[in-house]
Amino acid sequence: MTVAARQAAAHTTNVATAMKELRTQPTDLDRYLALRRLQRDNPPLFYRLLLANTEEILPFVYTPTVGEACQKYHAIGVPTYGLYLRATDRGTFLQRLQAYPLQGVRVVVVTDGERILGLGDLGAGGMGISEGKSLLYTAAAGVPPHQILPVTLDVGTNNQALLKDPAYAGLRKPRVTGQAYEEVVAEFVAALKAWQPHVLLQFEDFANHTAFHLLDTYRSQLCCFNDDVQGTACVCLAGVLSALRATGASLADQRILFHGAGEAGTGIGELIAICLERRHGMTRQQGRRACLFMDSKGLVCSARTDLQHHKRPFAHDVPPCRTLLEAIQQMKPTVLIGVSTMAGSFSSEVLRAMAALNERPIIMPLSNPTSKSECTFQAAVAATEGRVLFASGSPFPPCQHGGRSLHPAQANNAYIFPAVGHAAVLTRCREIRRVFLVAAETLAGLSSVADLEAGLLFPRFSAIKAVSTRLIAACADFMVRTGLGSLPADFDAALKGRALPTTASNLTHWEAYAAAHMFDPNTAKL
């Protein structure tokens, strides 16, 4: 046996042993902590474990377990490796970045902890979200871990339970707001640009009142995006397009009702409108009319005078409706999307109403974590007699109906943002918003007809590296063709010696290039 073969055998044995130990942990939170400790103590084994068992491990390093971890972050001894930049450290952000142990950073994931999943203000505990998303860049799309930096802007918290908790390690003061908050973010972005001019910045779990503003302010200054707005929109659109492949219907004929009208929901609506504009020749406003929104006061309509700015483009001339069931009966939607964080709000009555209107109702309860989901997969299957096309934000188990095994799709942003981000890194993309439609359309075409019939609107997550390779290729090709990014200097050199047919498309070359630049824990130095 060669040295390389012996090393490979040893790696396989170590990974198998580590997985066995992980499965013996009593709770999911214990599994989360065991993985985080392994990441700190034995990075090579951790990344081999993560990449070899991504589908099984994903719920423990990200949703739904990460929500509980963020709630208890400072009480459970999480081995933090991200960077805290506190409001009280203003004036030193650049020096803090320059002192960080890893200096080849290409991706930064930042939160201020104000709206963590559907759990609200978790202050400095939001670091768990930045760290979890950072891991997904590596697990899903092969971005080398030393190129990714999780950051939390600690500007205080309005969570009184945290402020009274002696274990809480964040700033013990109410949240900085207004001009002072703007100055914290401005210094952070300026320091980031001075430190790493070609960095990709991902805004994560900011509250509605800051998410849109920050995106509008900074997306022309550096390559940045908000995953809650754009990543969620992209994977949701992909899910809808994939479901329509199963029904044979056109997006132009859909009426899409959103329960919830925050940043995630209106972000999805805007991307759907863009898709209708580019695919079907509609105006942007005509595309928006396909999307209807319910908020806490009822249906968003033109007669209302109490609407926030992000809801106004979707305020159509429709009759007011107070309840979700009334809106379904009046507006007759073909697609129902939940972004409300109201557990159980897709009641059996609501689900049956959708089933009465549609032969194959498309139901997407996207709220995270599982405890906030608008309905379960089992409830949707039962209420629609197995006819539902379903995708949720959190994972649910498959179920049997009518002698068939039905599988829920998980509309997980991990299908999207790691690949889009890696493409942006490889091409040094300057502006990213136009790329999400390319990613959504590409992802929507990757499930087979047989998978769609079984409910798998997205490819199995066990194939995420292959999926990401296809998405990176499509996005990078688009970035370079449209001038948003540049062809990597080593593009041709990296493909030398690879068995590519002379008739291969440019996408085939990009796929080979992406595969060649994915992190391999068996060969990389950590």
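Guide: Sort the lining of the largest pocket by residue class and you get 12 nonpolar, 22 polar and 11 charged residues. Keep in mind as we go that this is a predicted model. The space in this pocket comes to about 820 Å³. Its lining has 45 residues, and the ones closest to the centre are A264, V339, S340, T341 and S367. If you'd rather think in elements, α11 (227-247), α12 (263-280) and β7 (291-295) each put at least two residues into that lining. The largest share, 4 residues, comes from α11.

Now slide over to the second largest pocket, where the volume is about 560 Å³. Here 23 residues do the lining, with R219, V229, G267, E270 and I274 nearest the centre. By class, the second largest pocket is lined by 10 nonpolar, 5 polar and 8 charged residues.

While β7 is on your mind, look at the loop that links β7 to β8 (298-299), where S296 sits. Is S296 buried or exposed? S296 counts as exposed because its relative accessibility is 73%, and the cut-off for that label is over 50%. Along the chain, S296 and T323 are 27 residues apart, while 9.1 Å separates their C-alpha atoms.

One last stop, away from the pockets: a pair of packed helices. For any such pair, the description comes down to the angle between the axes and the distance between them. Here the pair is α7 (residues 127-141) and α17 (residues 417-427), packed at about 80 degrees with axes 8 Å apart. That angle makes α7 roughly perpendicular to α17, because anything from 65 to 115 degrees gets that label. Which residues meet where α7 and α17 touch? From α7 you have K133, L136, Y137, A140 and A141, and across from them in α17 are F417, P418, A419, G421 and H422. Sorted by class, the residues of this contact are 7 nonpolar, 2 polar and 1 charged.

Terms used: Residues numbered from 1 in each chain as written. Predicted model: local features only at pLDDT ≥ 70, side-chain atom pairs only at ≥ 80, totals over all residues. Heavy atoms only, no water. 1 Å grid on protein atoms, 1.4 Å probe; cavity = no way out; pocket = protein on both sides within 12 Å on 5 of 7 lines; lining within 4 Å. Points joined across faces, edges and corners; volume = space filled by probe spheres on them. Nonpolar A, V, L, I, M, F, W, Y, C, P; charged D, E, K, R; others polar. Buried < 20%, exposed > 50% of the residue type's maximum accessible area, 1.4 Å probe, protein only. Axes fitted to C-alpha atoms, helices over the stretch in contact; angles between N-to-C directions. Parallel < 35°, antiparallel > 145°, perpendicular 65-115°, else oblique. Contact = heavy atoms within 4.5 Å.
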